[in-house]
Amino acid sequence: MSHADTMTGHSGLMEKPAFSVPAKKMAMWLFIIADSATFAACLVAYGFLRNATPNWPRPFHSITNVSIMTFILVTSSLTMLFAMDAAKAGDKAKALRWTLITAAAGVLFALLHIREWMALIGEGMTLFKNPWGTGLFGSAFFSITGLHLLHVTCGVIALVVVGLRYQGGRYNADDLEITGLYWHFVDLVWMFVVPLVYLLNLSH
Amino acid sequence: MAMAEAHKSSAGKYVVVYLCILAIAALQFVIAYSDITGPQMFTRMLILAIIEAALALLFFMHLSDNRGLRWFVVIFTVSVLLGMQYGWTDSFRLLGGAPWAK
């Protein structure tokens with residue numbers, strides 16, 4: 001039974017899905033809305049602290065690492081779209097290949113992120129103190145980027161699991177698309193983290 | 001498979017949007033090194049981030065295809081985001097009226 005049959009075939013028993021979106025996809029959208037509120041709360045709290053603290057540190061000397069990380073994450077959104085395109089065309093092998101490339105980009109992003117964390121920790125930054133100014137910076141930075149890194153890690157695991165199960169026939173193209181929605185959201189959050197947390201804290 | 005045969009690739013559109021997002025991200029990096037005040041920098045970067053996010057939402061997450069869902073997501077999210085802005089005046093008060101700590 002096709003998805004369209006499911007939508008129309010039980011008109012007497014089942015309500016039409018909201019906005020003509022399948023229930024699983026709607027659930028992902030609701031999760032994304034809730035999660036965007038979580039990230040927004042973190043960024044607003046960060047902004048409040050940043051605004052109200054006179055000796056806010058500016059520890060970033062270079063944009064090289066963060067620009068490479070941004071490039072990798074935005075590119076991984078494109079590769080996820082290629083995976084979706086292949087899945088909709090029924091090409092399972094190609095869809096899996098692009099999904100795994102997306103997951104690999106996520107792993108690379110996470111490794112660069114951890115390397116950056118290690119460098120900052122090596123310079124003396126912890127959750128509660130740093131050599132440059134208020135100790136609040138460490139807690140704000142590690143909380144926001146840590147929450148994002150957690151999302152990237154979960155996304156990589158989801159991409160691999162859903163990709164392999166799609167290839168094995170247990171999941172369909174819709175499931176891959178829903179995982180893709182989550183991955184694009186992770187990318188979207190990064191678009192706000194970069195200017196607010198990194199670029200506004202560059203040492204000139 | 002009828003669905004697969006009927007599917008038309010959108011790869012070209014995706015690449016164009018991807019390049020636009022990269023260009024906007026690059027512009028943010030340029031602004032980071034420009035000689036402007038903190039509030040000006042913050043405003044410009046935030047506007048660019050919102051444009052980037054809108055492009056990703058509309059084309060990568062396909063909200064442009066579903067008008068009802070688009071309005072649901074936008075109204076819901078923007079309401080929550082606006083509700084979070086009530087504390088800013090207090091952060092300015094803590095700093096004695098000076099915007100963006102030097």
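Two residues are in contact if their C-beta atoms, placed from the backbone, lie within 7 Å. By this criterion, 42 residues of chain B are in contact with 39 residues of chain A. The model is predicted, so local features need pLDDT of at least 70 and side-chain atom pairs count only at pLDDT 80 or more, while totals for chains, interfaces and linings use all residues. Residues are numbered from 1 along each chain as its sequence is written, and chains are lettered from A and ligands numbered from 1 in the order in which they are written.

Four helices of chain B, H2 (11–32), H3 (38–60), H4 (67–83) and H5 (88–94), each supply at least two residues of the side that touches chain A. Helices (H or I, at least four residues) and strands (E, at least two) are DSSP runs, numbered from the N terminus. H3(B) gives the most to this side, with 10 residues. By class, the side has 32 nonpolar, 9 polar and 1 charged residues. Ala, Val, Leu, Ile, Met, Phe, Trp, Tyr, Cys and Pro count as nonpolar, Asp, Glu, Lys and Arg as charged, and the others, Gly among them, as polar.

Chain A contains 6 helices and 0 strands. Its pattern along the sequence is α-α-α-α-α-α. The C-alpha trace of chain A spans about 65 × 35 × 20 Å along its principal axes. In chain A, 74% of the contacts with a separation of 6 or more join residues 24 or more positions apart.

Helix H5 of chain A (residues 136–168) has 33 residues. From first C-alpha to last, H5(A) reaches 48 Å, close to the 48 Å expected at 1.5 Å a residue (1.5 Å times one less than its number of residues). Gly169(A) follows H5(A), and its phi is positive, near 95 degrees.
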